[in-house]
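Here are some notes for a colleague who is opening this entry for the first time. Please keep the sequence and the model side by side while reading the points below.

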Amino acid sequence: MDFTSPPLSLKDNGFSMAPTDPFDSSEDEMERLEEELKKWKKRLEAAEKAKADLLLCKSNAMEENVKAEDGLIKLKNLQEKQHKEAVMSRDTHEINKEVAEMKLKFAHMEDTKDNYQDMNTQCVFGVTTKIPFRLDQNQVLLTFEDKEVAQRLIKIGKHTVNLDNKTADLRVMPFTLEMGIKFKLHVTISGKKISVSEVPELLIPGDWMRDKLELNFYKSERGGGEVENVNYDKQSRTAVITFLRPGATNSFVRCTEYPFVVNGTWYRLPVSPDTNVKLENFQLYCGISKKTILLEGIKEMEDDEESVQDMIKIHFQKPNNNGGEIEKIKYASKGVTWVCFEEDT
């Protein structure tokens, strides 16, 4: 290789090299970076806006959720309240029906030889429920003295009745009654104990009140006698006085009040013989009325209820209409009414 020959220029070899300006390159880069920065700022602003919108939607959703939960709670409470009211209404209706509609009948006295020492009085009562029946508008219930009359009319089925110069085709409808309840009450009236109520409230110890009650009922001239025990209940203001002598309570049978003197003040305390009640022979019985028929088919009439009732009664009393003597009749001209059936004795 000859190192002594002069160097060739790059231009002669087909290459051209232009000198670069470092300041021009820096300006272009700065502009590019500024453009890039602007783009990222716009993207950040869009992201921040989207985030704000999401937070707002989340807040609204949470508010709606809270409102929905409150609504569900209120609805649940309302349903529970309505359920309780319905249960209470039903229970109250059943209690009223079973307790208020009772028929009490004295049965007999029981042998008291085993209680001769206390001279107690023992008796038995028969108790039966009255069975309610719903009588709808324009329906009639007829109860005959003879059940054969009712059964004959049921077999015939249809009856044409003259009501104020108008004929009405009445139908005998089958009807059923609810089950009834009956039981016996064994009542023992004590010959030595009485119940006292409305004992005055005084600022004295209970023992002192017992002593004062014993002292008052000890006076035989007022119907009392020697006291064996005093059971006093301050909260209920009642007491049970047990006398030593059997038969001492006989004087209180007709006495409903007894004078009670304490600290110079006179009171009248309600008194009654102490009783013990025991329920026995509780059973259900089937409600069937063989003497009663149910009629329907009466149309609206201008006559009052009593007049229509009389016309129906006259028709079904006549033997030529296959009728007979009527014990009771009930016609419902307006709305619904309730009647009660009792067990035959």
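1. Contact here means heavy atoms within 4.5 Å. With neighbours within four places in sequence left aside, Ile 241 is in contact with Lys 192, Lys 193, Ile 194, Val 196, Leu 213, Phe 217, Val 227, Asn 229 and Val 230.

2. This is a predicted model, in which local features need pLDDT of at least 70 and side-chain atom pairs count only at pLDDT 80 or more, while totals for chains, interfaces and linings use all residues. Residues are numbered from 1 along each chain as its sequence is written, and side-chain values use heavy atoms, with hydrogens and water left out.

3. The chain has four helices and 14 strands (DSSP runs numbered from the N terminus, helices being H or I of at least four residues and strands E of at least two). Of its 345 residues, 28% are buried, that is, under 20% relative accessible area with a 1.4 Å probe, protein chains only.

4. Ile 241 is also one of the residues that touch the most other members of the largest nonpolar core, which holds 22 residues; such a core is a set of buried Ala, Val, Leu, Ile, Met, Phe, Trp, Tyr and Cys residues joined through side-chain atoms within 4.5 Å. Elements that each supply at least two residues of this core include strand 7 (180-196) and helix 3 (206-218).

5. In strand 4 (residues 139-144), six of six residues are buried. This strand pairs in the antiparallel sense with strand 13 (residues 326-332) over six bridges, where pairing requires at least two DSSP bridges, and Leu 142 stands opposite Ile 329.

Technical notes. Buried < 20%, exposed > 50% of the residue type's maximum accessible area, 1.4 Å probe, protein only.
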